[in-house]
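Subject: Structure handover

Hello,

Please find the structure below, followed by notes on what was found in it. Keep the model open while you read.

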Amino acid sequence: MQVGTVLHLALRATDDAIRVEVTDTRAERLPELRPPRPPAADAESGRGLLPVEARAMRWDVAVEAAPRKTGRTGDRAGAAGKPGARSRPPPLPSLPMVNGDAPRDPDGYFPERIAADYDRSSARMFTPEVLDPSVDFLHRLAGDGPALEFGIGTGRIALPLAARGVDVRGIDLSEAMVARLHAKPGGDQVPVSIGDFATTTVGAGGEFALAYLVFNTVMNLTSQDAQVDCFRNAAAHLAPGGRFVVETMVPDLRRLPHGQEAVPFHVSDTRWAFDRYDVVTQAMSSNYVEVDPETGQGSYWTIPFRYVWPAELDLMARLAGLRLRERWGGWEREPFTGESGQHVSVWEKPAGP
Ligand SMILES: C[S@@+](CC[C@H](N)C(=O)[O-])C[C@H]1O[C@@H](n2cnc3c(N)ncnc32)[C@H](O)[C@@H]1O
């Protein structure tokens, strides 16, 4: 893509797909088409949400009244390209409810190719400035443990916590992520159960001083039911007086104008990223469109989440028999305010009846 090229990006929702149209005014070169590939390492930088598996979408190219061409993807109905098809885009429907759909890969949205690049693409999260305050915070609550990490991944938090003498165990869906953890020094001392942290049981139950779920991973559970189950599962693992800690973002709906369902969060010459929100179901997705500047090839990814409010998490905790004990704007116990973009919340299992 040349500097100075004028591009138009259009997003159109159909019943079962989102169509992305990238139009430029140059006629001299048509994009070469190719299958999607995973996002670049910094595709979600600053958002704390990891690049995950691409959902394949196809691209096509239409040359229109010269000099103009349009690349499209996501039009499963095949209407794109038919005469008149673009003149009356359908009204934007609400998103279909994402109700705990299990992704096809047994490793979920963190399969081998994502796991292989996780530590590098999340390098900022491994820096002492980011990591140390979270490990300090969790260590204080865990004491000697045992502690249970939901979505333990490659051991970013678990390994430094274990290095401080805490007995840490974990649950994760992704064997590929856990293989990275177990390959690191000390990793073989951290037992991990492969399964869904909303339902998987570790040990006899009721023995953990601390359970924790960090880095927005609660939003990987794409239904309210699954999030409620996650709180119940955490509570079932805690000893009386034990704590459950969640670090996650505050839904950023103030950036969503009335009547609109997409919010861009990255716009450059070659990459466009936007969130889609369904404010009825709280389903959301992060979506990525990228054009290779060398070849003009394009690709599209979508990642499902369910956004969840702090007060809603408190209610889930109450349903599970837990009580809010602390809420901070970050790991360094920054005050939680109306401007906080994230929160670190601590719920407690009552020590007595
Ligand atoms: C963003 S990574 C976080 C990893 C690690 N906690 C960290 O902070 O670096 C999310 C991890 O949660 C796992 N995960 C996502 N949803 C899960 C689920 N429902 N059950 C178990 N693991 C899940 C993924 O496989 C992945 O390893």
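In what follows, Ala, Val, Leu, Ile, Met, Phe, Trp, Tyr, Cys and Pro count as nonpolar, Asp, Glu, Lys and Arg as charged, and the others, Gly among them, as polar. By that division, the shell around the ligand holds 12 nonpolar, 6 polar and 3 charged residues. The ligand is surrounded by 21 residues, and the closest are Phe110, Gly151, Gly153, Arg156 and Ser174.

This is a predicted model. The protein has a mean pLDDT of 79, with 70% of its residues at 70 or more. Residues 1-8 have a pLDDT below 50, and this stretch makes 12 contacts in the model beyond near neighbours in sequence. Residues 14-18 are also below 50, with 13 such contacts. Where pLDDT is low, the predicted coordinates should not be read in detail.

Overall, the protein has 6 helices and 15 strands. Of its 353 residues, 38% count as buried. Of the contacts between residues at least 6 apart in sequence, 62% join residues at least 24 apart.

Helix H2

Helix H2 covers residues 128-142, and its 15 residues should span 21 Å at 1.5 Å a residue; the end C-alpha atoms are 20 Å apart, which agrees. Which residues of H2 are buried? They are Ser134, Val135, Phe137, Leu138 and Ala142. Seen down the axis of H2, these buried residues fall within an arc of 160 degrees, so they line one face of the helix. Pro128, Glu129 and Arg140, on the other side of H2, are exposed. An α-helix has 3.6 residues a turn, so residues three or four places apart point the same way.

The buried residues of H2 are covered by elements including strand S5 (147-150), helix H3 (158-163) and strand S8 (208-213). Val135 belongs to H2. Val135 counts as buried because 21 other C-beta atoms lie within 10 Å, and the cut-off is 20 or more. Val135 and Arg156 are 21 residues apart along the chain, and their C-alpha atoms are separated by 9.6 Å. As given above, Arg156 is among the residues closest to the ligand.

Just after H2, Gly143 has a positive phi of about 60 degrees. In the loop between H2 and S5 lies Pro146, which is joined to Gly145 by a cis peptide bond with omega about 0 degrees.

Helix H6

In helix H6 (residues 310-319), Leu313, Met316 and Ala317 are buried. Seen down the axis of H6, they fall within an arc of 100 degrees, so they line one face of the helix. The exposed residues on the other side of H6 are Ala311, Leu315 and Leu319. The buried residues pack against helix H5 (224-237) and strands S9 (238-249), S14 (323-328) and S15 (342-348). Gly321 follows H6 and has a positive phi, near 85 degrees.

Backbone exceptions

Most residues other than glycine have a negative phi, and most peptide bonds are trans. Asn216 has a positive phi, near 65 degrees, and sits in the loop between S8 and H5. Arg333 has a positive phi too, near 60 degrees, and sits in the loop between S14 and S15. Are these residues exposed or partly exposed? Asn216 has 19 C-beta neighbours inside 10 Å, so it counts as partly exposed. Arg333 has 12, so it counts as exposed.

Regards

Technical notes. Residues are numbered from 1 along each chain as its sequence is written. This is a predicted model: local features need pLDDT of at least 70, side-chain atom pairs count only at pLDDT 80 or more; totals for chains, interfaces and linings use all residues. pLDDT is the predictor's confidence in each residue, from 0 to 100. Two residues are in contact if their C-beta atoms, placed from the backbone, lie within 7 Å. A residue is near a molecule or strand if its C-beta atom, placed from the backbone, lies within 6 Å of it. Helices (H or I, at least four residues) and strands (E, at least two) are DSSP runs, numbered from the N terminus. The arc is that of the directions from the helix axis to the C-beta atoms. The expected span of a helix is 1.5 Å times one less than its number of residues.
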